[in-house]
Amino acid sequence: MKTLILALTLVSSGAFGASKLYQIQADLTLNGKPISSSSVVAKAGERAKISQTTDGEESYIEVVADESTIPGKKAIHMKFNIGVVGKDGMQKFSSQPSIIANDNQQAKVTGGKEGSAEYYTLAVKAKRLVK
């Protein structure tokens, strides 16, 4: 029987106020196997974390999002820390990719060597909630 516990955490000091907010949808696959498909609201410049535990293994996606540009257009820069911690508490996988994407458009990053234990794809879509 599979057990799934999903936790969404926004690490923030203070109220949201008028700061820029981003709705971030993140889909992580490891060796073609879906690991996580979750959404989180991130405050500009602050770390937001998505974590879930399935059968004793924790997968996590941490992101810091902020404004950027892609020649001539406003864009969203996302710095990630992604990984999987095994049942024994040992880090099985870890990576720190970065993506610059247009508002509300999907972007992907792939890392590791195809077929290796650390071959992953991170597909994200970020949408500004406060402009």
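Helices (H or I, at least four residues) and strands (E, at least two) are DSSP runs, numbered from the N terminus. With that in hand, look at the cartoon: there are zero helices and ten strands, so the pattern along the sequence, using those DSSP runs, reads β-β-β-β-β-β-β-β-β-β.

Before you click further, some housekeeping. This is a predicted model, where local features need pLDDT of at least 70, side-chain atom pairs count only at pLDDT 80 or more, and totals for chains, interfaces and linings use all residues. Residues are numbered from 1 along each chain as its sequence is written, and side-chain values use heavy atoms, with hydrogens and water left out.

**Colour by confidence.** pLDDT is the predictor's confidence in each residue, from 0 to 100. The protein averages 85, and 85% of the residues score at least 70. Select residues 1-17 and you'll find pLDDT below 50; this stretch still has 38 contacts in the model beyond near neighbours in sequence (contact means heavy atoms within 4.5 Å). Strand S1 (residues 4-10) has the lowest confidence, with a mean of 39, while S10 has the highest, at 96.

**Go inside.** Buried means under 20% relative accessible area, exposed over 50%, and partly exposed in between (1.4 Å probe, protein chains only). Of the 131 residues, 37% count as buried. A nonpolar core is a set of buried Ala, Val, Leu, Ile, Met, Phe, Trp, Tyr and Cys residues joined through side-chain atoms within 4.5 Å. The largest one here has 27 residues, and Ile-24, Met-78, Phe-80 and Leu-122 have the most contacts inside it. Strands that each supply at least two residues of this core include S2 (21-30), S6 (73-85) and S10 (120-128).

**Select Phe-80.** What does Phe-80 touch, not counting residues up to four places away in sequence? Show Ile-61, Glu-62, Val-63, Ser-95, Gln-96, Pro-97, Ile-99, Leu-122 and Val-124.

**Hop to Asn-102.** You'll find Asn-102 in the loop between S8 and S9. Is Asn-102 buried or exposed? Asn-102 counts as buried because its relative accessibility is 19%. Leaving out residues up to four places away in sequence, Asn-102 touches Ile-70, Lys-73, Lys-74, Ala-75 and Ala-126.

**Last stop, Tyr-60.** Show the ring of Tyr-60 together with Lys-49, which lies over its face at 5.6 Å from the ring centre. A charge sits over a ring if NZ of Lys or CZ of Arg is within 6 Å of the ring centre and within 35 degrees of the ring normal.
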